[in-house]
Every structure is written in C-alpha cells, then in structure tokens.
Amino acid sequence: MVLNYLKIINSKNKNLPIHIGILCAMPEELGSSLNYLSNIEINDHGDLRIYSGECNLNINSSKSLYLSVALSGWGKVGSARAATRVISNVFKGKSVDVLFFFGVAGAIDSNLNQGDIVVASKLVQHDMDARPIFDKYVIPPLNKEFLLADLKWVDWSSSILNEANLSEFGSINTGLIATGDKFVSKENEVKKLEDDFKDLLGVEMEGASVAQVSIQENIPWQIIRVISDSANKSSQNDFESFLKIYKKYSSKIIKVFIENIFKSPLKIIL
Ligand code: ADE
C-alpha cells in the first residue's frame, strides 16, 4: 500500500516541469536571454521585475521547462533580495528548482584573461568581518568562511561549457571567487585579497550573497563568471569596453545551461 502510494508520488513528480531561476546584475550580462521565454508573465516587486515563461528552446525532453529571470543590480544586498524573490517565484504552479547567476568578474589570478570563464566552486564574502565575535570572513548565520558549491553541479557546469561551442570565450576554469560591495581596481586592495586567499581567481559583487541565500533556502545553485578586467588601474576602461561586446554573447552561455538542464544533477532529485 505504502509502496504503491510512493510509486504514484514518484510518477507524478517525473511529469513536473523543471523551473530554472536566472539572475544577472546588469542587462549586458543577460543579453538577449529573454528571447528564450514564451508566454511571459511579469511579477513586479517594487523595482524588481521577474519575467517568467515557458522555455522555447528546442530541448529534447518530454518535460516542460520554465524560466524565471531577473536583474538584481549591483551588490550583495540587491542580489540577495533578488535571489530570495526569484527562488520564491511560482510559474504555473511550479516553484524554482535551481538558481543560476551569470555575470562578469575582475581577474585576480594573473593567468586569467578577458573572456575566460570561471565556474565558482567556492565563494567568500571578502568584506565580512564580525571580529572579535567571529573569525574574519566567517558568515555568522552559517558559521563558515567559504561557501562551497556542490561538486556535482560544478562538474556538470564545466563539462557542458567544455562541450559547447563558445568560440567567443576563452578558457574554462573552476575555483574561488570573492564577493564584496567594492569594485576592485587598486593595487593595495588586490594585494590584501591575494594575501588572504592564495587560490583566488576573481572578484565580483554578487556571487557569495546569492550563494548564501541559496544555501539557506536549500536550493541548488551555481555562479558563473566571465572575466571583464584585471582589477587594476585600467579596470574601469576594460570593464566598460568589455561589456559592449559581451552583451552580444552573454546569452550564449546562459543557453548552454538551459539546454543541458535535463542532464544536470537535478534529474536525480526530480
Ligand atoms: N566585476 C567585474 N570587475 C570587477 C571588479 N574589478 N571588482 C568588482 N567586481 C567586478
């Protein structure tokens, strides 16, 4: 009896659509990705607009795929707020299963160049300092310095990126990203980050707050960054000129994640 009941639940779950949440800070990071949505519904929460819709990409699956997309603006507060709203967004009765953040980052590792991709396997909030109550960088509600991405998701992300035709982009990397409410462009700022985080690849302003919300909300997540500048004195120019080009290609990376979702670690859960 119980077994039959479980079978019914399981078979019902198999038919549920998958619902992906997609966040970027800036319009250039989203590019033309809204074109992947059909039958769009809009939910406004003050100045935050969430676009939801059916995915119209040609994906070989009997399951439906829903997308909820929003722009968070820059910084940890705005991105945490947008992450919370997107995770809570329901489309056609289906809640969000996984949250992706796509955007640009400044390189700290000197091996990285403009256009290289970084999948965050680990993130830190480099402006968190609750000493003497907690150690430096420890995020109090989690009692952790580093936010670890699920390795199954990191492996999936890097393998789909490696298999995709992303000729406009550079190398594909996985590693540590540092997040803080600061655009990093000064030598002394970089030196401090390098001293404290030996394996640091890049710096940005939203990833670790989105990761924290996702961890606390118990939802799978991935932060994917493309290098726009080298966090140095030319970073303003590099960042601005890179975005003008990047906005034409950013939707290509987002498409890779959407197209491969049925091969992702989600298939084990759903
Ligand atoms: N995002 C892209 N470049 C950045 C930088 N140099 N500092 C912080 N966030 C960034």
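Biologist: Where does the ligand sit?
Modeller: In this model, which is a predicted one, the ligand sits in the largest cavity.

Biologist: And how many cavities of 30 Å³ or more does the structure hold?
Modeller: The structure holds one cavity of 30 Å³ or more, and about 180 Å³ of space lies in the largest cavity. The lining of that cavity is made up of 19 residues, and those closest to its centre are V104, F183, E204, M205 and F239.

Biologist: What kinds of residues are in that lining, nonpolar, polar or charged?
Modeller: Eleven residues of the lining are nonpolar, six are charged and two are polar.

Biologist: OK, back to the ligand: which residues come nearest?
Modeller: There are 13 residues around the ligand, and the ones that come nearest are G106, V184, E204, S228 and D229. This shell divides into eight nonpolar, three charged and two polar residues.

Biologist: What is 2.6 Å from a nitrogen atom of the ligand?
Modeller: That is an N or O atom in the side chain of D229, while for V184 a polar backbone atom is 2.8 Å from a nitrogen atom of the ligand. A polar backbone atom of G106 likewise lies 3.2 Å from a ligand nitrogen.

Biologist: How much of the ligand's accessible area does the protein cover?
Modeller: On its own the ligand has 260 Å² of accessible area, and the protein covers 96% of this.

Biologist: Last one, which strands supply the shell around the ligand?
Modeller: Strand 5 (98-107), strand 9 (200-204) and strand 10 (221-229) each supply at least two residues, and the largest share, three residues, comes from strand 5.

Methods
Residues are numbered from 1 along each chain as its sequence is written. This is a predicted model: local features need pLDDT of at least 70, side-chain atom pairs count only at pLDDT 80 or more; totals for chains, interfaces and linings use all residues. Side-chain values use heavy atoms; hydrogens and water are left out. A residue is near a molecule or strand if one of its heavy atoms lies within 4 Å of it. A polar contact is a pair of N or O atoms within 3.5 Å; within protein, one must be able to donate a hydrogen and the other to accept it, and residues adjacent in sequence count only if both atoms are side-chain atoms. Accessible areas come from the Shrake-Rupley method with a 1.4 Å probe; for residues, only the protein chains shown count as cover. On a 1 Å grid over the protein atoms alone, a cavity is a set of points where a 1.4 Å probe fits but cannot get out, and a pocket is an open set with protein on both sides within 12 Å along at least five of seven lines; lining residues have an atom within 4 Å of a point. A molecule sits in a cavity or pocket if more than half of its atoms lie within 2 Å of its grid points. Helices (H or I, at least four residues) and strands (E, at least two) are DSSP runs, numbered from the N terminus. Ala, Val, Leu, Ile, Met, Phe, Trp, Tyr, Cys and Pro count as nonpolar, Asp, Glu, Lys and Arg as charged, and the others, Gly among them, as polar. Grid points are joined across faces, edges and corners, and a volume is the space filled by probe spheres set on the points.
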